[in-house]
Every structure is written in structure tokens, then in C-alpha cells.
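Hi everyone, thanks for coming. Let me put today's protein on the screen, and then we can walk through it together.

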Amino acid sequence: MLGLMQSQNLSIASLIDFAEKHHADTEIISRRVEGDIHRSDWATIAKRSRQVANAIDGWKVAQGERIATLAWNGYRHLEIYFGVSGSGRVLHTLNPRLHPEQIAWIVNHAEDHVLCFDMTFLPIVQNIHVHCPTVKHWVALCDADKLPADTGIPNLVSYESWIQSQPPTYAWPDLDENTASCMCYTSGTTGNPKAALYSHRSTLLHAYACALPDVMCLSARDSVLPVVPMFHVNAWGIPYSAAMVGCKLVFPGAALDGKSVYELLESEQVTLAAGVPTVWQMLLGHLKAGNLRFNHLKRTVIGGSACPPAMIQAFNDDYNVEVLHAWGMTELSPLGTLCTLKNKHLALPQDEQMKIRLKQGRAIYGIDFKIVDDQGVEQPHDGKAYGDLLVKGPWVVREYYKQEGGSPLVDGWFPTGDVATVDPEGFMQITDRSKDVIKSGGEWISSIDVENIAMAHPEVAMAACIGMAHPKWDERPIVVVVKRPDTALAREDLLKFYEGKIAKWQIPDDVVFVDAIPLGATGKMLKTRLREQLADYKLPA
Ligand code: ADP
């Protein structure tokens with residue numbers, strides 16, 4: 001017997017319709033690449049996203065065609081999010097931090113039909129457009145009078161002139177909820193990048209999950225600033241969840257330095273911010289230098305790479321901001337786990353609570369996970385046994401776009417490439433990416449543990465732990481460190497700092513000081529490049 005409830009396709013268009021109907025005047029604020037602060041609201045975003053849909057129809061772009069963006073977080077990008085997916089095309093967000101050659105490769109692989117870009121990225125587009133034959137139209141996200149005359153790019157229009165005369169009404173198509181809605185390529189640290197192709201259904205379910213109290217706890221009373229880019233895994237789904245709950249959105253544009261982000265957090269009374277640890281490092285540096293405080297910020301979601309304990313502590317103890325440590329990946333839309341305490345943990349002393357907060361968190365309903373050993377045997381949830389982390393759920397990839405790399409699944413589970421432990425309460429802790437684990441004398445050393453200790457040293461700005469080949473132990477860890485400005489940290493001081501904090505054999509063999517650690521396109525440390533840079537390095541005898 002079937003249930004007798006209405007059946008309705010889950011759709012991205014329904015999100016923007018809802019936000020317009022129920023949260024029309026809730027503000028959408030953007031720092032533009034022009035430098036000024038732009039003020040809009042959900043009603044205006046909704047109207048302009050319908051104009052985008054009409055403009056795309058005007059170019060006779062078929063359903064399912066890919067429309068790419070190369071853009072910062074801003075209101076025009078948000079309008080494109082809804083206009084493209086809502087009208088049945090696939091939004092393809094490109095990562096501008098990749099090398100132009102990689103961007104061109106991805107555009108060709110995705111066979112993008114239209115490419116919309118912020119003026120910051122004009123040089124990239126000038127560089128790649130001749131290599132991108134599938135792109136029939138280029139759209140510069142600016143006013144008509146801001147478009148330079150001779151860019152050399154054929155079929156280039158300004159966004160404002162493109163949508164300006166389009167009707168503000170549009171009948172969104174009723175799409176099967178499994179229709180593709182958006183796509184994002186993985187950063188391709190190993191081999192060519194592969195694309196996760198999300199559907200309306202997966203995006204909507206992820207949006208519900210993201211808003212839950214034990215996840216981001218989003219509501220109409222929040223003002224949310226995603227520093228995490230809309231060009232990488234949909235800014236962790238925040239644009240969709242924001243429309244679902246009708247909260248205010250504050251977009252930082254290109255200005256991600258501590259001062260600019262702080263100004264927006266204060267002036268727009270931001271209650272929740274989200275980003276990777278490297279961005280928060282800059283923000284905390286700015287606060288400390290200026291002896292500043294947060295007057296509105298209550299929570300910050302930190303993920304994308306392990307959040308150092310010193311950062312959780314600084315937010316918590318110095319600024320009274322709760323850190324929500326999150327784990328996810330492109331293939332998971334991206335949220336998998338988030339760390340919030342259970343009721344029974346509230347009575348624990350602060351340092352006991354901190355031990356829990358450091359973990360990547362509990363599964364979000366919808367995501368199931370397990371850890372397995374090399375033979376695929378499930379490992380116990382005792383907080384000690386570690387294994388390869390496998391996941392499944394309705395917003396986890398089944399296969400990659402164009403079936404690249406064959407089926408990634410193992411007996412229906414997606415192997416994340418991360419190594420983790422799970423404690424009896426279900427809190428998962430990433431010990432490493434499988435390729436970053438250091439194997440010393442048959443025992444594993446977590447590079448994250450080694451980095452976290454270094455990061456807790458007041459004179460360390462950034463630290464990366466990598467394994468170096470060793471004739472006896474196979475591999476030994478070293479820690480590569482960027483010192484804080486005007487400090488004189490010595491190798492021996494840092495090695496001494498490790499004593500008593502981890503087992504003796506886990507203490508790195510050496511400290512290598514560098515001016516900068518290479519970062520990848522999503523702000524994570526690029527250990528592959530670091531290893532190349534240290535190719536001639538020799539471990540101390
Ligand atoms: P990539 O394209 O490199 O896979 P993603 O943005 O999809 O980039 O990153 C996913 C990976 O980032 C995870 O598999 C994990 O290794 C790492 N990661 C994400 N969040 C965390 C976290 N909170 N702690 C530790 N590692 C994390």
C-alpha cells in the first residue's frame with residue numbers, strides 16, 4: 001500500500017521561491033570586487049535569478065548543459081546558483097586558484113557552454129578562451145560600463161546588460177529530483193581532477209541536514225558569512241540552507257584578509273562564519289594585533305583540514321566563540337560529520353570537553369560511516385583502532401562524471417582516503433589522509449598530531465609534518481615550520497616542546513624552517529609540493 005501524501009520533486013528552484021515569499025526583505029550583503037559594499041535581499045535575488053534563467057533560455061542552452069562560474073562569493077554568483085540549476089542547467093563552479101591550464105582542462109572535460117567570471121579573473125579568461133571551444137558565451141560579472149572595450153574575448157557580455165531587459169517572471173520546470181543540478185571537480189592532488197555531479201535531491205537533503213541544530217544550527221535569526229568559497233563544493237551548501245531558513249548572508253568577495261573579514265563580521269552583525277583553518281589564522285592574527293573583540297559572532301564552522309587545538313582554544317577561551325569542527329569532502333556535497341557535544345558532555349571539565357571538540361565529530365543523519373583495516377574488516381569503535389574511513393548516504397557520489405576512474409565504491413561504500421578512529425560515543429577523528437600517514441618501524445604516526453603540537457607553540461605560524469625515507473625505520477617524521485614574524489624560534493626549542501606531549505618515537509627527527517608552506521587551491525597545505533621542494537633534504541644522522 002502506498003502512502004497518501006503529496007509527491008513533489010525536491011528542487012533548488014523551490015528554495016529561492018520560498019526565500020522570496022517568506023523572507024523577502026532579509027538582506028544579502030556583498031563586498032564587491034570594486035571594493036564597495038552592495039546591499040540586496042532575498043526578493044531581489046529571486047527576481048534576478050529568474051532573469052538569469054530567461055537570459056540563458058535566450059541563448060537556447062539545452063537542459064543539462066553546463067554553465068560555469070569563475071567567481072568570488074557575491075550576490076551575482078548567488079543569482080546564477082538559482083537561475084542555472086532552477087532552470088534545469090548544471091551549475092559548474094570552477095576554482096580560480098587552479099593553474100589556468102588546469103582550468104581549461106576542466107572546462108573542456110565538463111564541456112561548459114557558458115562561462116561567467118568576476119573581473120578579477122579576466123586575465124585567466126584571456127589566457128584560456130582560445131583553448132575552450134565548447135564555451136559559446138562569456139559573461140563578465142559587472143555593470144555594462146565596467147566592461148573594457150578590447151578584451152580580445154569573442155561573445156563577451158556584461159552580466160548586467162545580459163539580464164537587464166529579461167522578464168522578472170519565469171516558470172521553473174518541474175524537474176525529476178534526480179536531475180543533475182551542479183558539479184564540482186576535486187582538487188586532483190592525485191591524477192586528473194574528477195567531478196562530483198550533484199542532483200536537486202542530494203542538494204536539498206544536504207541543505208536540510210546542514211541547517212540542523214547539531215550541524216550549523218541555522219535559523220532566520222542568523223547572519224551568516226561564508227568565507228568558504230562558492231567556487232568549491234557550493235560553500236559547504238550554505239547558499240541553499242540559507243534560502244531554506246531565510247537567514248541573512250554576508251559575502252566577503254575577494255577580500256579574505258583578517259581586517260576585511262573582521263570589518264564585515266562586525267558591521268553586518270554576523271553570528272555564524274565558516275571557513276578553512278588558514279583563513280581563521282589570519283583573522284585571529286588581526287584580532288590579537290589590534291586587541292579587538294567580536295561583538296556578534298557566536299559560532300564558527302571550521303573544516304576542510306584539521307582544526308588545530310590552539311585555534312579552537314583561542315576562539316573559545318579568548319573570544320567566546322564556539323568552534324564547530326566539521327569534516328567533509330567534495331564527494332560528500334561536502335558535509336559528513338560535525339562536532340557538537342552531547343548532553344552528558346556538558347558537565348565535563350573544560351579540558352575533557354576540549355578533547356571531544358578536537359575530533360571531526362559525529363555522523364550527520366543521512367551519512368553512515370565505518371572504519372576498516374587493509375582486509376576490509378570493520379574495526380571497533382573504541383577510540384583506539386584506526387582504519388580506512390568509508391561512507392554512504394544520499395549526498396555521497398555513486399560514480400564520477402563521465403564515469404571517470406570507474407566505480408569508486410567498495411561494496412556500496414565510498415572510500416574517503418582518510419584514516420580515522422571512532423570512539424564509543426560515535427565521534428570520528430581523522431588521524432591522516434592515507435597518503436600522509438607516516439609509517440615508522442611498522443607503527444603509524446599521525447601527521448595531524450605532530451602538526452597540532454607545533455601549532456600550539458606561540459612562535460609557530462604554520463606547520464606541516466611529512467615522512468622522510470629512513471634506512472632503518474622506513475620513514476621518520478620531520479616538521480616544516482613557518483615562524484611567526486619577529487620571533488627567533490630555534491630547532492631545539494621546538495623539539496623540546498614535543499617532550500611529554502607525544503610518545504618519544506613520534507617526536508619529529510628534525511625541524512625545517514621555511515618562509516612559506518605551499519597551499520593548494522582550497523587553502524590546504526600541499527604536502528605533495530612540499531615533498532618536491534624538500535627532495536634534496538637529508539635526515540640528521
Ligand atoms: P580534495 O579535492 O583534496 O579531496 P576536498 O575539499 O574534497 O578536497 O577535501 C576533502 C579532504 O579534506 C578530506 O578527505 C580530508 O582529508 C580533508 N578534511 C576535510 N575536513 C577535515 C577536517 N576537519 N579534519 C581533517 N581533515 C579534513
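**Charges, overall form and a few residues**

Let's begin with charge: the protein carries 50 positive and 62 negative side chains, and the centres of these two sets lie 2 Å apart. Here Lys and Arg count as positive, Asp and Glu as negative, while His and the chain ends are not counted. Each charge is placed at NZ of Lys, CZ of Arg, CG of Asp or CD of Glu.

A word on where this comes from. This is a predicted model, where local features need pLDDT of at least 70 and side-chain atom pairs count only at pLDDT 80 or more, while totals for chains, interfaces and linings use all residues. Residues are numbered from 1 along each chain as its sequence is written, and side-chain values use heavy atoms, with hydrogens and water left out.

Now the overall form. There are 16 helices and 25 strands; these are DSSP runs numbered from the N terminus, helices being H or I with at least four residues and strands being E with at least two. The C-alpha atoms fill a box of roughly 70 × 65 × 50 Å along the principal axes. Of the 541 residues, 57% count as buried, meaning under 20% relative accessible area with a 1.4 Å probe and protein chains only; exposed is over 50%, and partly exposed is in between.

How many disulfides does the structure hold? The count is 0, where a disulfide is a pair of cysteine sulfur atoms within 2.5 Å. Take Cys142: its closest cysteine sulfur, in Cys116, is 11 Å away, so too far for a bond. For Cys247 the closest is in Cys210, at 9.5 Å, again too far for a bond. Cys142 is buried, at 1% relative accessible area, and Cys247 is buried too, at 0%.

Let's zoom in on two more residues. Ile56 sits in helix H2, residues 42-58, and is buried at 1% relative accessibility. Setting aside neighbours within four places in sequence, Ile56 has contacts including Val61, Ile67 and Trp162, a contact being heavy atoms within 4.5 Å. Between Ile56 and Leu256 there are 200 residues of sequence separation and 31 Å in space, C-alpha to C-alpha.

Finally, Ser333 belongs to the loop between strand S14 (322-328) and strand S15 (335-338). Is Ser333 buried or exposed? Ser333 is buried, with a relative accessible area of 7%. Beyond its neighbours within four places in sequence, Ser333 touches Tyr198, His206, Val233 and Trp395.
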